[in-house]
Amino acid sequence: MTKVSEAPKARLERPVHPAPKEGRRRPFIVEFYGSAVAKKWLMAVTGIMLMGFVFAHMVGNLKLYFGEKSLNQYAEWLKEIGEPILPRTGLLWILRFALLGAVVIHIVSAAQLTRMNRRARPDRYKAPRDYAAATFASRTMRWTGVIVALFVIYHLMDLTWGVGGAEWTSGEVYQNIINSFERWPIAIVYIVANLALGVHLYHGGWSMFQSLGWNNGKFNDWRRMFAIGFATIVVVGNVSMPLMVVTGVVN
Ligand code: HEM
């Protein structure tokens, strides 16, 4: 009985980043990286990069409404940007690696912050969380994050690698989207995942300012408007595409 009740305490006392041996100081950068402030900064900065991608990707994909030629030409242009200084697809690959790096840092920092928060809350086994103070979006960040991550894996299989079950031809971006989205179950997957993305973006767009230390009271209305506006634009743009294709408006 005593052993069971002592277990959480023992885990609590174990530091996230063990202290160096006595008399030795860790370099500032290592010390800073281990802090919650640094993790929050990393989450905010990588979050901004990912928001930039999501927004630009959505705007680019809206060329779907301008027809096959327009969307396919845009997809081709993405491969050519940076030429002739860089080889074809050179800049695209640099951006892909930057995006992948941002995703990894964002997820790792989120996991580390969760661990730090749990350790800093000694009563976590007894007291219920103050759910009244937390919004639905903030409480569901982990789950909306997991849904979006799983969606991105399926989305790559579907439209980039062509192994999502629909007919797929390299370079035929418009037709690939139509072939995929005209299936009801897949359209619903895209719609649900983008709603989850919207909830995630809303809380992320709101809390990133706090993480960066810009949470002046006067600024809060503006922050909320930005978070709502950004999430709404991305959701409306992204949800419209599977919806328009599956209902036959775009074909
Ligand atoms: C309904 C909305 C969406 C449409 C129509 C769409 C369309 C596409 C298409 C056609 C491609 C392949 C492009 C090509 O191979 O030339 C692609 C790639 C990609 N999409 Fe989406 N997408 C949507 C939403 C999203 C969302 C919400 C995310 C992220 C949260 C996302 C992340 C990506 C990523 C990471 C790639 C790979 C980019 C690359 O490697 O070049 N997409 N998307």
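**Exercise 1.** Is L113 buried or exposed?

*Solution.* Before we start: this is a predicted model, where local features need pLDDT of at least 70 and side-chain atom pairs count only at pLDDT 80 or more, while totals for chains, interfaces and linings use all residues. Residues are numbered from 1 along each chain as its sequence is written, and side-chain values use heavy atoms, with hydrogens and water left out.

Step 1: check the relative accessible area of L113, which is 9%.
Step 2: compare that with the cut-offs: buried is under 20%, exposed is over 50%, and partly exposed is in between, using a 1.4 Å probe and protein chains only. So L113 is buried.
Step 3: look for its neighbours. Leaving aside residues up to four places away in sequence, L113 touches A36, K39, K40 and M43, where a contact means heavy atoms within 4.5 Å.

**Exercise 2.** Which residues coordinate the iron atom of the ligand, and at what distances?

*Solution.* Step 1: look for donors, meaning N, O and S atoms within 2.8 Å of the metal (3.2 Å for Na, K and Ca); water is not among the atoms, so sites may look incomplete.
Step 1: the protein residues are H57 and H155, each using NE2, at 1.9 to 2.0 Å.
Step 2: H57 belongs to helix α3 and H155 to helix α7 (residues 141-160), so the pair ties together parts that are 98 residues apart in sequence.
Step 3: The iron site has six donor atoms with angles of 86 to 179 degrees, and it is octahedral. For six donors, that label requires opposite donors over 155 degrees apart and all others between 65 and 115.
Step 4: compare the two histidines. H57 is partly exposed at 31% relative accessibility, whereas H155 is buried at 17%.

**Exercise 3.** Why does α8 count as largely enclosed by the rest of the structure?

*Solution.* Step 1: count. Seven of the nine residues of α8 are buried, so this helix is largely enclosed.
Step 1: name them: Y174, N176, I177, I178, N179, S180 and F181.
Step 2: find the cover, which includes α4 (68-80), α7, α9 (184-211) and α10 (220-246).
Step 3: zoom in on S180, which is buried at 0% relative accessibility. Not counting residues up to four places away in sequence, S180 touches D158, L159, A166, I186 and Y190.

Methods. Four donors count as tetrahedral if all angles lie between 85 and 135 degrees; four count as square planar and six as octahedral if opposite donors are over 155 degrees apart and all others between 65 and 115; anything else is irregular. Helices (H or I, at least four residues) and strands (E, at least two) are DSSP runs, numbered from the N terminus.
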